[in-house]
Amino acid sequence: MKLEDIAEKMHSGKIYACSDEQLVAEQTSCLELLYDYNHSRPSEGEKRQQLLKDMFAECGEDNYIEPPFHANWGGRHVHFGSHIYANVGLSLVDDTHIYIGDNVMFGPHVIVCTATHPISPALREKQMQYNLPVHIGKNAWIGGGVFIMPGVTIGENSVIGANSIVTKDIPANVVAAGNPCRILRKITAEDDRFYDHGKPIEL
């Protein structure tokens, strides 16, 4: 099968063999830039910014990812807005597209996963998989240790509590947490006045 035919399956939710030699070679070439990023020095901010632009499908301005950073395809299928912050250990399983809006914040050790495998043992023996895209809206805050499953959309401004496993879509403007992740409450005007269980915001 031609590489472009496999790529079509990767991005359309169809089952394909992730061990195809052409695919592995292409993926390895993407990981070279990821290696360079993870071995850059803390003082090399401009170099890191340029590497992100070279690695990602789209990358806005003033994005910061604290190494170590992992992406299955080195970010080739990642679409970043601007002013995104990610603490250590971000893993983007970008076998298909991941869309992340402006001003999103990631706590440490977050996993965003697009790849999954069929239940059939016979198919898994053949290293078959399929992929579903993930969307994270602008101004979302993803807490430390969160796992976002394939196909999920998280709405803008929403907060996902630490160690949550997000298996279904989360709407905009809510606080959600748990395993599986569930909506706890809406974000309201009170959140512009108070923080941390009723402390007044005084800027």
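Does Cys 59 count as buried or exposed, and what is its relative accessibility? Cys 59 counts as buried, at 17% relative accessibility (buried means under 20% relative accessible area, exposed over 50%, partly exposed in between, with a 1.4 Å probe and protein chains only). This is a predicted model, where local features need pLDDT of at least 70, side-chain atom pairs count only at pLDDT 80 or more, and totals for chains, interfaces and linings use all residues. Residues are numbered from 1 along each chain as its sequence is written, and side-chain values use heavy atoms, with hydrogens and water left out.

**View 1. Cys 30 and Cys 59, each the other's closest cysteine by sulfur.** Their sulfurs lie 15 Å apart, too far for a bond. The disulfide count is 0, a disulfide being a pair of cysteine sulfur atoms within 2.5 Å. Cys 30 is buried too, with a relative accessible area of 10%.

**View 2. An open sheet of 7 strands with mixed pairing.** Its order is β3-β6-β9-β14-β17-β19-β20 (strands are DSSP runs of E, at least two residues, numbered from the N terminus; two strands pair if DSSP finds at least two bridges between them). At the edges, β3 (64–65) and β20 (182–186) each pair on one side only.

**View 3. Strands β9 and β14, side by side in the parallel sense.** Residues 105–106 and 141–142 pair over 2 bridges. Look for Phe 106, whose bridge partner in β14 is Ile 142.

**View 4. Trp 141 of strand β14.** Here Trp 141 is partly exposed, at 46% relative accessibility.

Conventions:
Helices (H or I, at least four residues) and strands (E, at least two) are DSSP runs, numbered from the N terminus.
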